[in-house]
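Open the model in a viewer and keep the selection panel at hand. The stops below go from one selection to the next.

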Amino acid sequence: MNPYILATLLFGLGLGTTITFASSHWLLAWMGLEMNTLAIIPLMAQHHHPRAVEATTKYFLTQATGAAMLLFASTTNAWMTGQWDIQQMSHPLPITLITLALALKVGLAPVHAWLPEVLQGLDLTTGLILSTWQKLAPFALLMQIQPLNSTLLIALGLASTLVGGWGGLNQTQLRKILAYSSIAHLGWMVLVMQFSPSLTLLTLITYFVMTFSTFLVFKLNNSTTVNGLATSWAKAPALTALAPLILLSLGGLPPLTGFMPKWLILQELAKQDLAFTATMAALAALLSLYFYLRLSYAMTLTMSPNNATGTTPWRFSCSQLTLPVAISTAATLLLLPLTPAAVALLTI
């Protein structure tokens with residue numbers, strides 16, 4: 001892609017998210033979300049592959065539906081209450097509609113079905129943008145209207161953790177596994193959103209760091225299937241040794257960074273007398289942990305095909321930047337001791 005066009009599209013992505021962040025009027029927020037959608041669509045379709053075009057079409061139709069629902073609900077709210085302010089929502093009908101529209105845009109269960117299919121059709125770089133940056137704007141809006149519909153948010157969060165764990169069990173494509181991982185992590189964030197928005201923000205940042213690291217590892221290995229991970233030792237032995245730790249951090253095992261948000265969320269749910277919800281979320285985390293362990297097993301304990309190309313002593317030097325993956329991997333593995341500092345910083 002022409003670098004000027006790429007720069008324009010990335011600028012549009014950033015501007016759309018910033019407009020949504022800065023807006024207190026529903027029309028401005030809707031406009032920012034639309035700019036976001038229109039900026040990422042050429043990035044998704046840039047390879048002109050039928051699968052990429054199909055994924056782009058699915059994404060466009062889904063986001064257009066979510067945006068139309070959002071616009072309809074905000075107009076209904078203005079009609080009922082006479083104001084467009086995001087933080088002054090009072091009527092339950094538009095609040096419920098807007099929550100469902102934002103859940104559709106971000107990929108929460110039960111309106112999640114588009115996310116694995118779309119992510120499967122994209123290259124890993126665009127998939128990384130879709131899994132991280134594109135979540136920011138809808139989440140900013142959800143956090144502003146969240147205190148008013150607690151039962152709906154808990155239902156969406158619990159459904160997402162269960163669907164995210166259950167759906168990834170029988171997948172062989174890495175991008176679909178990462179999509180279900182994304183759904184499960186979003187469920188954890190939504191569960192605790194109404195009780196501790198700062199904890200939701202901490203979970204979102206931690207998820208971004210871990211997902212960034214995972215996508216970069218798969219990109220450096222040029223792997224898109226579980227079987228393709230078995231040959232990664234011949235391409236990057238040191239990274240292959242660290243990758244299972246990154247995946248287990250995504251699964252939430254101590255003493256890795258990914259344990260921090262799950263631990264704090266379960267603690268907060270217990271404080272709110274939601275023992276059943278906390279138990280179900282913890283059990284759903286076990287489902288997610290199974291497919292992370294499966295990937296770790298494929299990378300480190302599976303013998304790759306012992307043919308001439310699999311055992312060649314030479315390797316091409318890596319042409320990609322390794323500094324981002326080094327920084328994100330260190331953050332994914334080693335930030336757990338900073339939990340008190342992170343919590344204190346977010347509660348200021």
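Begin by selecting Ala184, His185, Trp188, Leu250, Gly251, Lys262, Ser288 and Tyr292, which line the second largest cavity. A cavity is a set of points, on a 1 Å grid over the protein atoms alone, where a 1.4 Å probe fits but cannot get out, and lining residues have an atom within 4 Å of a point. This is a predicted model, in which local features need pLDDT of at least 70 and side-chain atom pairs count only at pLDDT 80 or more, while totals for chains, interfaces and linings use all residues. Residues are numbered from 1 along each chain as its sequence is written, and side-chain values use heavy atoms, with hydrogens and water left out.

The space in this second largest cavity is about 50 Å³; a volume is the space filled by probe spheres set on the grid points, which are joined across faces, edges and corners. Colour helix 9 (174–192), helix 11 (237–251) and helix 13 (275–300), each of which supplies at least two lining residues. Helices here are DSSP runs (H or I, at least four residues), numbered from the N terminus. Helix 9 gives the most to this lining, with 3 residues.

Next, select helix 12, residues 259–271. Its 13 residues reach 18 Å from first C-alpha to last, close to the expected 18 Å; the expected span is 1.5 Å times one less than the number of residues. Show the side chains of Met260, Pro261, Lys262, Leu264, Ile265, Glu268 and Leu269, the buried residues of helix 12. Buried means under 20% relative accessible area, exposed over 50% and partly exposed in between (1.4 Å probe, protein chains only).

Step off either end of helix 12. In the loop between helix 11 and helix 12 is Pro255, and the peptide bond from Pro254 to Pro255 is cis, with omega near 5°. In the loop between helix 12 and helix 13 is Asp273, which has a positive phi of about 60° although it is not a glycine. Asp273 is exposed, at 71% relative accessible area.

Asn222, in the loop between helix 10 and helix 11, also has a positive phi, about 55°, and is not a glycine. Its relative accessible area is 66%, so Asn222 counts as exposed.

Now select Thr132, in the loop between helix 6 (124–131) and helix 7. Is Thr132 buried or exposed? Thr132 counts as buried because its relative accessibility is 10%. Its side chain reaches the backbone oxygen of Leu128 at 2.6 Å. Beyond its neighbours within four places in sequence, Thr132 is in contact (heavy atoms within 4.5 Å) with Phe208 and Thr211.

Helix 2 (26–44), helix 3 (50–81), helix 4 (92–106) and helix 7 (133–145) are the elements that give two or more residues to the lining.

Finish at Pro110, in the loop between helix 4 and helix 5 (114–120). A cis peptide bond, with omega about 5°, joins Ala109 and Pro110.

Key:
1 Å grid on protein atoms, 1.4 Å probe; cavity = no way out; pocket = protein on both sides within 12 Å on 5 of 7 lines; lining within 4 Å. Polar contact = N/O pair within 3.5 Å; in protein donor to acceptor, adjacent residues only side chain to side chain.
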